[in-house]
Amino acid sequence: MLVSADISQAGFDQQTGNAARPPAATLELFLAGIGTRAFRFAEAGLRSRDDALDAVQDAMMKMLGYRERPAAEWTPLFWSILRRKIVDVQRRGNFRLRLFAPANERGEESLIDWADSAAGPSQAHDQREAYAKLTLALRKLPARQREAFTLRVLEELDVADTAQAMGCSEGSVKTHLSRARDALQKQLEDFR
């Protein structure tokens, strides 16, 4: 009977053979227990280790605001938060991919789907070169177009927040952004 006493002290339910929940579960223990599964879930959806780590971390940080909720609500709440984070990251990625695609290829069916997004030395060099060319191209834009592009695309503000930051209407933001995209596409066409 010494073995069964050790098992019951270790936190096992003798009837089901499963690990028993501690009577006073803490949010930190919950997050520590769900972290690996959450990372696998996010990595499968995002196909990027770094993006998955960021999404899980953001979801966990947001969960800290719900620590006063009953422990029974934590699991569905956490997965809901994480799912929304993943969708947000996917949308941002799709938006950026479509940004520089030719106008006739901007449909959903033309989205590029990379299996491995880790940059090698050649890709890292190409990315630095692309960033430098983008910076030079942005400097050639009129100030309002540059502001609209920077706030809306690079800073990822929505149209209303961009309009408020620029002190203009949402329609003006859309016009400036459209003109900036067209100008950048023309300037960077030879780089592709």
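**Exercise 1.** Which residues form a negative surface patch?

Solution. The negative surface patch is made up of D50, D51, D54 and D58, where Asp and Glu count as negative, and where a patch takes residues with over 30% relative accessible area and no salt bridge, like charges being joined within 9 Å. One of these residues, D54, lies in helix α3, which spans residues 49-63, and D54 is partly exposed at a relative accessible area of 43% (buried means under 20%, exposed over 50%, partly exposed in between, with a 1.4 Å probe and protein chains only).

The model is predicted, so local features need pLDDT of at least 70 and side-chain atom pairs count only at pLDDT 80 or more, while totals for chains, interfaces and linings use all residues. Residues are numbered from 1 along each chain as its sequence is written, and side-chain values use heavy atoms, leaving out hydrogens and water.

**Exercise 2.** Find how many salt bridges the structure holds, and describe them.

Solution. There are two salt bridges (a side-chain nitrogen of Lys or Arg within 4 Å of a carboxyl oxygen of Asp or Glu). In one, E28 and R67 meet at 3.0 Å, N to O; this pair links distant parts of the chain, 39 residues apart, with E28 in helix α2 and R67 in the loop between α3 and α4. E28 is partly exposed at 42% relative accessibility, and R67 is partly exposed at 36%. E73 forms a salt bridge with R69, with the closest N and O atoms 3.4 Å apart.

How values were computed. Patches are made of residues with over 30% relative accessible area and no salt bridge: like charges are joined within 9 Å, nonpolar side chains (Val, Leu, Ile, Met, Phe, Trp, Tyr) within 5 Å. Accessible areas come from the Shrake-Rupley method with a 1.4 Å probe; for residues, only the protein chains shown count as cover. The place of a charge is taken as NZ of Lys, CZ of Arg, CG of Asp or CD of Glu. Helices (H or I, at least four residues) and strands (E, at least two) are DSSP runs, numbered from the N terminus.
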